[in-house]
Amino acid sequence: MATIGQLLTAPEAGWKRYDDTDPSFKYIGTYAIVSNNDRFKGSSRYSLNKAARIKFDFIGTKLRIVHTLGDDRANTVVKIDGVAEVYNAKSETILGGQYLVYEKTGLTRSRHTVEIYHSNDAVEGVNPLVFDAIDIDDTGRILHPDEVTDIRSLAINKRIRCHYTASSNMFGIFSGLGKETSHFIPLTSSTTPNGDFYFICVDKDYLGRLILVSDRNIQSGISWDALNTAGVASGSGKPLGYNPTSSLVAWYTFDANASTLTNNVDGTNGTIIGTTVVDGFKGKARQFNGVSDYIVVPGQKVIPAGKKSIRFKIKVPRKPSDYGMILGNGFSTSEHGTRVQVNANGDINVVMTYGTSSNSFSLTATGYDVCDGQWHDVFITWDGTTSADSYKIYIDDMTVPKKTGNPTFTQTVNGSRNFTIGRRADANDRFFFGVIDEIEIYNDVVDPLNTSPYLDGYVISLRLPTGGIDNTDTDNEWDKYIVNSTLNGTITAGDDTVWNWSGLYTLCSTTSGASGQRTIRGNSSVAAFSTTATSQGVSFRPVLVIEDLHLKKYLIMDGTDIKTYIQGVWETIGIAPPTNEMFNEKGMTDLSACTPYLMDLTNKSALKILISNPQRQKLTSVKLTGVPTPRIVKMNEDMSFAHTAKIHSLKLSGLPEGEVRVAVSTDSGKIWKIKTEDGAWTALAVDDLSEWKEKGMRLSDFNNIRDWDEMIGAAKKLRLVFYLEQSYATDEAGLHSLIMEADLTGSWDMALPGVEYKYGYSGNTNLRVLLLSDGDYKINICSGGSSLITEVDGGVF
């Protein structure tokens with residue numbers, strides 16, 4: 001085991017090494033590159049900035065740092081999950097090479113944050129912060145500090161890793177979204193890429209869709225015409241009809257009633273010879289007659305060499321007399337390839353060959369007859385090694401394999417024949433009799449219980465960025481995101497270390513002024529503009545658009561019009577009933593944006609809020625918080641003051657928020673009056689809301705009135721009316737109580753303790769009072785004087 005200070009030119013067993021050029025490292029400060037064969041992969045870097053930082057995350061339990069030693073080194077700080085440690089790589093002389101300078105073990109197996117920087121004793125411009133490589137667990141992975149592994153965690157400035165592979169001048173396959181699949185595609189790109197890159201989230205559009213742009217040109221030498229044929233060059237782009245988070249390379253659903261069979265991953269077609277469209281395991285399937293029916297994919301091997309997973313559904317009514325070939329890309333043991341077939345016993349058999357009869361491997365799930373006329377789900381996987389039980393066959397039950405085994409050789413060469421379904425490749429024999437559906441092929445070992453070709457809940461599409469029609473047109477995605485965006489202050493706008501635009505033009509979807517020309521951007525400077533012919537090979541930088549169908553989308557039904565609020569304007573998009581297309585293309589994800597403008601609609605009193613995809617979502621409730629229009633609230637009946645001798649005060653109490661105004665009437669609401677500042681009573685137009693707010697009495701004005709007896713006069717009745725208005729949704733405009741202080745007619749006589757009295761008011765037949773000697777009392781208020789109070793002696797009063 002290596003020790004600190006030891007030369008370590010390669011990772012030890014149980015470790016793997018990442019070079020300083022890996023895009024997962026985030027560098028802060030200015031760095032110089034040193035090229036030397038004694039450095040890992042031929043170079044290392046250093047910074048003389050005291051504020052320089054190196055940041056990255058990793059999943060694993062251990063970390064090593066490897067770089068040169070020197071006599072100019074100060075202490076270096078390594079902070080892991082917020083805990084700082086110090087190491088020193090100083091030596092009496094400069095020692096080039098890969099020396100182990102720091103090691104940390106015993107961490108929990110989880111995601112860890114790492115930051116490397118100068119200690120306080122470093123001197124600006126003198127002591128270098130040196131970096132060459134790191135080692136971590138061979139089962140771990142490194143991540144950029146802004147990297148996420150699940151599309152649900154994406155936000156502006158976050159990035160997610162993806163894999164891309166393609167043939168020359170052909171649109172390729174995107175897979176492994178969120179995974180570390182392989183090395184990164186070179187910054188200089190490749191005509192035949194087969195590597196990883198980052199999608200960086202740059203925006204969320206008005207429909208709630210996330211917009212991601214590739215951090216580099218992932219393919220060079222590909223023309224606009226080739227991308228247009230694949231559907232990527234259009235404005236809406238190419239929907240990915242498969243799950244890009246998996247390692248899926250081929251997926252055949254058999255749903256189309258056509259003469260070709262399309263791979264839903266890369267769009268290539270297979271030629272169908274014969275077969276009959278029938279009901280399948282899911283949707284439609286193809287029935288093979290066992291005599292002449294088959295499908296071949298010209299020029300495509302499809303099944304990868306090395307590690308792989310293959311899944312399909314079959315229904316076989318009887319056992320074949322020899323073999324029934326389900327699928328394969330090899331002919332015989334003397335060729336390369338993989339074949340899956342049903343033998344004469346009804347067993348699933350897998351054969352893998354490597355060019356010689358001695359390099360042949362066969363695995364049969366003996367005793368599991370699939371020729372019973374029922375649907376069977378078959379899953380085959382191999383990790384690409386010769387380890388025990390590395391090859392597995394599952395049938396129906398995906399928790400336990402029916403058969404395992406291991407070859408004595410590995411497979412590095414692809415199949416010798418074109419991918420064929422229903423017979424042996426390039427041979428008129430071993431025709432399959434039965435129905436085949438849902439073929440899935442992966443270039444990795446996948447979990448059959450947790451892997452699906454469907455990406456449920458999301459719609460993902462790929463397209464080119466827009467680039468402007470000329471060099472004065474800056475209203476486009478290249479200028480908005482690459483040239484000018486700081487991603488909410490997290491990067492420097494136009495940073496080549498983020499977008500890698502230098503040295504390669506990026507092909508855009510925009511048509512320039514000249515016929516047959518398309519816009520290309522970058523290369524000499526971030527804002528550079530040029531054009532190219534549609535047939536000319538340039539470089540491909542994809543834009544990924546992710547729509548989360550878990551997000552509820554809303555439309556407004558205004559009468560029979562279906563409307564949406566887009567960029568400050570109500571737009572009618574159709575007539576009721578709403579369609580899925582209306583929700584998907586125009587649905588709003590945030591109702592709050594349109595809420596202030598609901599009053600602009602025609603049928604304000606009968607609006608309906610429409611919600612998308614209720615079958616996919618839980619029961620939804622919408623809470624609408626608004627400010628009601630001002631209103632007048634009138635008392636229905638008069639208050640009688642017939643038996644008051646004098647009114648000292650009337651006091652209203654109300655809620656502190658909102659606007660409340662009041663007026664009074666002594667003629668049962670025919671004329672409403674307010675008291676002005678000069679003390680006069682003036683009539684108010686009760687239906688004029690603007691006059692109400694301006695002239696109506698405030699509660700304080702009402703409560704300060706003292707001449708109520710003069711106001712009420714002989715009518716001896718009063719009715720109130722109120723104006724209520726809220727300025728904000730949180731306001732409450734209302735009244736709590738009306739309190740009267742008044743002298744009643746009649747008189748009270750003093751009662752002596754221990755004596756019981758009964759009183760009645762002359763001229764007021766509605767009031768009965770019974771005072772008891774123990775100090776208790778009874779009061780009865782009624783209409784017409786017919787209610788009685790029972791006296792203590794049994795009489796009534």
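**Exercises on a predicted model**

Thr364 is placed in strand 31, which spans residues 360–364.

**Exercise 1.** Determine whether Thr364 counts as buried or exposed, and identify the side chain with which the side chain of Thr364 makes a polar contact.

*Solution.* Step 1: the relative accessibility of Thr364 is 19%. Step 2: buried means under 20%, so Thr364 counts as buried. Step 3: the partner in the polar contact is the side chain of Asn349, at 2.8 Å.

**Exercise 2.** State the strand order of the open sheet of four strands, and explain why one side of strand 45 and of strand 46 is left without a neighbour in the sheet.

*Solution.* Step 1: the order is 45-44-43-46, and the pairing is antiparallel. Step 2: strand 45 (569–575) and strand 46 (607–611) stand at the edges; each has a single partner strand, so one side of each lacks a neighbour in the sheet. Step 3: on average, neighbouring strands of this sheet are turned by 35 degrees against each other, direction ignored.

**Exercise 3.** Describe how strand 43 is joined to strand 46.

*Solution.* Step 1: strand 43 comprises residues 554–558 and runs antiparallel to strand 46, with five bridges joining the two. Step 2: Asp558 stands opposite Leu607, a residue in strand 46.

**Exercise 4.** Characterise the largest cavity by its volume and its lining.

*Solution.* Step 1: the structure holds three cavities of 30 Å³ or more. Step 2: the largest cavity contains about 50 Å³ of space. Step 3: its lining residues include His67, Arg73, Thr76 and Tyr87. Step 4: by class, six nonpolar, two polar and one charged residues form the lining of the largest cavity.

Conventions. Residues are numbered from 1 along each chain as its sequence is written. This is a predicted model: local features need pLDDT of at least 70, side-chain atom pairs count only at pLDDT 80 or more; totals for chains, interfaces and linings use all residues. Side-chain values use heavy atoms; hydrogens and water are left out. Two strands pair if DSSP finds at least two bridges between them. Axes are lines fitted to C-alpha atoms, for helices over the stretch in contact, and angles run from 0 to 180 degrees between N-to-C directions. On a 1 Å grid over the protein atoms alone, a cavity is a set of points where a 1.4 Å probe fits but cannot get out, and a pocket is an open set with protein on both sides within 12 Å along at least five of seven lines; lining residues have an atom within 4 Å of a point. Grid points are joined across faces, edges and corners, and a volume is the space filled by probe spheres set on the points. Ala, Val, Leu, Ile, Met, Phe, Trp, Tyr, Cys and Pro count as nonpolar, Asp, Glu, Lys and Arg as charged, and the others, Gly among them, as polar. Buried means under 20% relative accessible area, exposed over 50%, partly exposed in between (1.4 Å probe, protein chains only). A polar contact is a pair of N or O atoms within 3.5 Å; within protein, one must be able to donate a hydrogen and the other to accept it, and residues adjacent in sequence count only if both atoms are side-chain atoms.
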